[in-house]
Amino acid sequence: MTLVAGVDSSTQSCKVVIKDAATGALVRSGRATHPDGTEVDPRHWWTALTEALLQAGGLDDVAAVAVGGQQHGMVALDADGAVVRDALLWNDTRSAAAAADLVVELGQGDPVAGAAAWAEAIGSVPVASFTVTKLRWLRDHEPERAARVAAVALPHDWLTWRLAGFGPVSEGGIPDLTALTTDRSDASGTGYWSPTTDDYRPDLLRLAFGRDLVLPRVVGPAEAARTVERPGGPLVIGAGAGDNAAAALGLGMAVGDVAVSIGTSGVVSAISPHPTTDASGMVTGFADATGAFLPLACTLNASRVLDVTARLLGVDHAGLSSLALSAPAGADGLVMVPYLEGERTPNRPDATGALHGMRLANTTPAHLARAAVEGMLCALADGLDALREQGVPVDRVRLIGGGARSEAVQAIAPAVLGIDVLVPEPGEYVADGAARQAAWVLARSVDASAPVPAWQAEGEVLRRATPTPEVRARYASVRELTAPRPGA
């Protein structure tokens, strides 16, 4: 049996799966936690990966590995390969003003023209999540640190680099910045790489940071990033992927498939044969992990909306689900706008959450639980509508992520989204996708035209939709009250 490994280095934890390369059957696994927060020393990711690999039995008998990781995070390195400062993660909104400045600057003073220019250049309009905005923030707010930066990488780039034996000498690595690699999917979330042309845009990097930096080499979907020679045989390291693209690969998504993922963030992503350019900023035009495209809408607020509401009501998640299902659709007019950490889609970095329509009759635990679930899902439904408006085919929707395990979420999602929903068996879809990529890289080493391995999909439950447009309409009527648009 030939074994491959997939890694999911997410915001909250690191998961490792080791699978049979031929069938995708799980052989063993491991997991370790990450520190909380919106800025993290990347060394914690390495420690967690080491621990998770140890739990999973190590890589000695594994032929190939690939890393899926949280997107956008800024890992700034000096000339010796040392981390210059804690990485700013995707959910760190301190660079919101920098994002607005970059849009205006590319539009030569006109934010509308700037948004259109960014969408044409990279398929997306920068928001605080994007790496390019974090580089501008670093340049303006920490100039001494900025002066030390020689290279910038993403979380999965940095972990792939470390797995290949690189890094600071002080940590036992080889400080070769030119050995940094990334892939199309993660590069497309930086703000200085175009999924349409498959090229970096150094002019946009210079606009943000003021000078050039060493950037990771973009590795093709089934190309090896590095091969590490070992006494027991070589270890092939795949290109890896951003977490959403890795999940799509793990799910075996094709054109017309949409994944609604409810994790720390909420993501509505789809496979498209064509790139998208949405000047409104609602849809980000990313690449996928196979050579196609992955337009998506991402919300900052997803499963933590459920966490907070459960804590507020003094119940666990099962209790929250039971309460939500005991209240009527629409929660008798109680609406939660769940912008608890600002919001990315729509771009409201300074927004706060709000409850609207409170009355004596609907201020009960059940109504609040229902409003929390519906509010979170309405935000994701807005993302689904935005994909359709970009001409992205929406034929089949899968509900995934930790938040999707809630019975209330599964029951209410089809009504709010307005479409039947498939709920796959719970799984580590990002890690599974990374492992599938590793198996694909191995297959291509033998046959240059080998397709993505056809692993057996897990079972899925179909949840039928009885749409509740009045819930969406009521939510739409109040969401714009939460905060002005940036620059308004």
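The model is predicted, so local features need pLDDT of at least 70 and side-chain atom pairs count only at pLDDT 80 or more, while totals for chains, interfaces and linings use all residues. Residues are numbered from 1 along each chain as its sequence is written, and side-chain values use heavy atoms, with hydrogens and water left out.

- Lys15 belongs to strand E2 (residues 13-20); strands (E, at least two residues) and helices (H or I, at least four) are DSSP runs, numbered from the N terminus.
- With a relative accessible area of 9%, Lys15 is buried; buried means under 20%, exposed over 50% and partly exposed in between, using a 1.4 Å probe and protein chains only.
- The side chains of Lys15 and Ser10 are joined by a polar contact of 3.2 Å; such a contact is a pair of N or O atoms within 3.5 Å, where within protein one must be able to donate a hydrogen and the other to accept it, and residues adjacent in sequence count only if both atoms are side-chain atoms.
- Neighbours within four places in sequence aside, Lys15 is in contact (heavy atoms within 4.5 Å) with Gly6, Val7, Asp8, Ser10, Gly30, Arg31, Glu428 and Ala431.

**Aromatic pairs**

- The whole structure holds 4 aromatic pairs; rings of Phe, Tyr and Trp (its six-membered ring) pair if their centres lie within 6.5 Å, and planes under 30 degrees apart count as stacked, over 60 as edge-to-face and the rest as tilted.
- Trp45 and Trp158 form an edge-to-face pair, at 6.4 Å centre to centre and 75° between the planes.
- Because Trp45 lies in helix H1 (residues 43-55) and Trp158 in helix H6 (residues 155-163), this pair ties together parts that are 113 residues apart in sequence.
- Both Trp45 and Trp158 are buried.
- Trp161 and Phe166 form a stacked pair, with 6.3 Å between centres and 10° between the planes.
- Trp161 counts as buried at 2% relative accessibility, as does Phe166 at 9%.

**Charges over rings**

- Arg94 lies over the face of Trp137, 5.0 Å from the ring centre; the criterion is NZ of Lys or CZ of Arg within 6 Å of the ring centre and within 35 degrees of the ring normal.
- Arg162 lies over the face of Trp46, at 4.8 Å from the ring centre.

**Helix crossing**

- The axes of helix H11 (residues 317-326) and helix H12 (residues 365-389) come within 7 Å and cross at roughly 95°; axes are lines fitted to C-alpha atoms, for helices over the stretch in contact, with angles from 0 to 180 degrees between N-to-C directions.
- H11 is therefore roughly perpendicular to H12, a class spanning 65 to 115 degrees, with under 35 roughly parallel, over 145 roughly antiparallel and the rest oblique.
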